[in-house]
Amino acid sequence: MRPHAMWLGDGTTVYPGPFVPKQVELDYPPVLLGLGRGFSCAVLGSNITQCWGMNEYGQLGDDTTESKSTPTSVKHMEGTPVLLAVGADRAVLDSGVTKC
C-alpha cells in the first residue's frame with residue numbers, strides 16, 4: 001500500500017483520491033472520535049477503543065506495527081477513557097492513567 005494512502009476504515013485505501021466520506025463499521029456507537037495524520041481512533045460506548053490506518057510507530061495500540069484498513073481494538077486499556085487525542089504518530093487515551 002502507498003505510504004500516504006487515505007485509510008478509510010472500511011477495508012479500502014484511496015490514493016490520491018477522491019476523498020469521499022465512507023461509513024466505518026464499529027462494534028458499538030462511538031462516544032469520542034480522534035482523527036490523526038493517516039490514522040483514526042474511536043472510543044465506543046462499551047468502553048472499547050478501536051483504531052485504524054497507518055501503524056508504523058504502533059500508534060493503533062494493538063501491539064503491532066502493521067497498518068489496518070478496518071477498526072482494530074486497542075489493547076491494555078483499563079477504565080473508561082475520558083479523553084482521546086491523536087496526532088501525527090501517536091494517540092493519547094486518558095482514563096485516569098494516560099497511555100500513548
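## Salt bridge

In this predicted model, a search of the whole structure finds one salt bridge. The pair consists of Lys68 and Asp62, whose closest N and O atoms lie 2.7 Å apart. In general, side chains of opposite charge can pair when their charged atoms come close.

Lys68 falls within strand β6, which covers residues 68-73.

## Nonpolar core

The largest nonpolar core comprises seven residues. Its members are Phe39, Cys41, Val43, Cys51, Leu60, Val74 and Leu84. Strand β4, spanning residues 39-44, makes the greatest contribution to this core, supplying three residues.

## Residues with positive phi

Asn47 is not a glycine, yet its phi is positive, at about 70°. This residue is placed in the loop between β4 and β5, the latter strand running over residues 49-53. Asn47 counts as partly exposed because its relative accessibility is 37%, a value between the limits of 20% for buried and 50% for exposed.

Asp63 likewise has a positive phi, near 65°, in a residue other than glycine. Asp63 is found in the loop between β5 and β6. With a relative accessible area of 56%, Asp63 is exposed, since exposed residues are those over 50%.

How values were computed:
Residues are numbered from 1 along each chain as its sequence is written. This is a predicted model: local features need pLDDT of at least 70, side-chain atom pairs count only at pLDDT 80 or more; totals for chains, interfaces and linings use all residues. Side-chain values use heavy atoms; hydrogens and water are left out. A salt bridge is a side-chain nitrogen of Lys or Arg within 4 Å of a carboxyl oxygen of Asp or Glu. A nonpolar core is a set of buried Ala, Val, Leu, Ile, Met, Phe, Trp, Tyr and Cys residues joined through side-chain atoms within 4.5 Å. Buried means under 20% relative accessible area, exposed over 50%, partly exposed in between (1.4 Å probe, protein chains only). Helices (H or I, at least four residues) and strands (E, at least two) are DSSP runs, numbered from the N terminus.
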